[in-house]
Protein chains: 2
Amino acid sequence: MIIVGEKINTSRPGMGEAVEQRNRALIVRTALDQAQAGADYIDVNAGTFPKDEAVHLCWLVETVQSELDLPLCLDSPNPEALSEGMKRHNGAPMINSISLEEDRFKAVLPIVASQPCEVVALCMGRASMPTTVEDRVEVGKELVAKLMEAGISAERIYVDPLIQPVSVDVQMGIAALGAIREIMKAFPGVKTICGLSNVSYGLPERRLINRSFLALAMSYGLSAAILDPMDRRLMGTLLAVDMLLGRDEYCEKFIEAYQEGRIVEA
Amino acid sequence: MIIVGEKINTSRPGMGEAVEQRNRALIVRTALDQAQAGADYIDVNAGTFPKDEAVHLCWLVETVQSELDLPLCLDSPNPEALSEGMKRHNGAPMINSISLEEDRFKAVLPIVASQPCEVVALCMGRASMPTTVEDRVEVGKELVAKLMEAGISAERIYVDPLIQPVSVDVQMGIAALGAIREIMKAFPGVKTICGLSNVSYGLPERRLINRSFLALAMSYGLSAAILDPMDRRLMGTLLAVDMLLGRDEYCEKFIEAYQEGRIVEA
């Protein structure tokens, strides 16, 4: 499982202030803590500052990478912020995200094509949100084809099936899960990624639902997740599922995480 | 999901004494509590008393059914105990279990055939424990064929793929999961069932591993599980997974369980 640490996001408590006040120490610690907990990428998102998003995102890129040797996930729908952030980034980042929406696709594609970066391709329809498995696979197919035409290899593409709340329609969970399976089958080499928290919107015990959804998504073939790696119950589920799916030889990673206090049962 | 409540088992703390001392109140309460928590069947097992197993099992059947209108799961490899227990049982119980081991098959088959009961068919080889998916499917196939030849309809059969510890071989989880999927595909109408706790034997944080395995097994098609329905974290996972797989219209069962305090997140 590829883990993208989601905590450096200005919509999260304390993070907006930390960015505005240039609180280097807090940002760096949040990045290091997530890396220590198992993150492979550190997401950076300054989306709550529409006017200064590019400036803030650049500061985040430079601040995090000054102390941590991990690739970042530049998380914005804003082409300028993505382009400027990429210029400050050491090595190739993950770009989150591109979609079929025409203006966005046109503006983000050259950024993605300019470097051997990875890219999240969002299964958002041109006019509406996807509902069924078929909707998602169709949009995913078009996105993957267009990206590959532009020279982006399959291995660089992470398709996000767009998770929608089961409280709105209880079939939304299985629609996203089915899409993960179909996309992994239809496009060899392409990866899948998603955030977890949308699925539980409007329901009680959200973290339980998110954890359970992670286990299911992994069994349907999910390659990567955007999550809080410092949530020890969530990481416990992730490591247990990886082990139960036979991907943790001698249960080494699970036992090591347990010994280091990185997971928790109850 | 069909839930078989596992708590009335003389190998569990306090239960041996309760049976020996004919502690009706404790046995009845343990049965009622499990029913309240969502059990569809109450397992009864007196296996720690090899000499008096039949007598004790009969007492358990009569005691539980005197206060609770649920079918029981008669849990014993001992044909005499199964046969005597069945005579005391109101309606048709679940018989747990039959296997291909020759003496056991011969002795248990007539008991199962004598009533419209359900039966757990254990994927135990004649000479050895199964290791691969194929081992399990092969044994399952032979068992299902033999049971159906004897007039037991598919709907009455629960195949147990036999869960083995991932600490012994990390492929054991995926072997059992794969067997669940293949058996559900190969034998239409037949159900699958398993216990959870073997999978985590020898590892820390066993309840976390068991819960994660339940989520995976459900996503691979498991029909029934033998578990502790009073474990609110386990039941939380079960209800969340059922909901995420689209089987809980309007999330009603999940929300109701939450409101009644039957599940817990953290």
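This is a predicted model: local features need pLDDT of at least 70, side-chain atom pairs count only at pLDDT 80 or more; totals for chains, interfaces and linings use all residues.
Side-chain values use heavy atoms, with hydrogens and water left out; residues are numbered from 1 along each chain as its sequence is written, and chains are lettered from A in the order in which they are written.

The size of an interface is often given as the accessible area lost when the parts come together. Between chain A and chain B the buried area (accessible area, 1.4 Å probe, that two parts lose on being put together, summed over both) is about 3400 Å², and carbon and sulfur atoms give 71% of this area. Contact (heavy atoms within 4.5 Å) involves 42 residues of chain A and 42 residues of chain B. Across this interface the rule finds 5 residue pairs in polar contact, both residues at pLDDT 80 or more. A polar contact is a pair of N or O atoms within 3.5 Å; within protein, one must be able to donate a hydrogen and the other to accept it, and residues adjacent in sequence count only if both atoms are side-chain atoms.

On the side of chain A that touches chain B, at least two residues each come from helix 7 (172-186), helix 8 (206-219), helix 9 (232-244) and helix 10 (252-259) of chain A. Helices (H or I, at least four residues) and strands (E, at least two) are DSSP runs, numbered from the N terminus. Helix 8 of chain A gives the most to this side, with 9 residues. The residues of this side comprise 26 nonpolar, 8 polar and 8 charged, where Ala, Val, Leu, Ile, Met, Phe, Trp, Tyr, Cys and Pro count as nonpolar, Asp, Glu, Lys and Arg as charged, and the others, Gly among them, as polar.

A:R12 lies in the loop between strand 1 (2-9) and helix 1 (15-20) of chain A, and A:D228 in the loop between strand 8 (224-227) and helix 9 of chain A, so the pair ties together parts that are 216 residues apart in sequence.

In chain B, the charged end of B:R181 sits over the ring of B:Y220, 4.0 Å from its centre. B:K146 lies over the face of B:F105, at 5.3 Å from the ring centre. Such a placement requires NZ of Lys or CZ of Arg within 6 Å of the ring centre and within 35 degrees of the ring normal.

The peptide bond from A:N96 to A:S97 is cis, with omega near 20°, and A:S97 lies in strand 4 (residues 94-98) of chain A. In chain B, the bond from B:N96 to B:S97 is cis, with omega near 25°.
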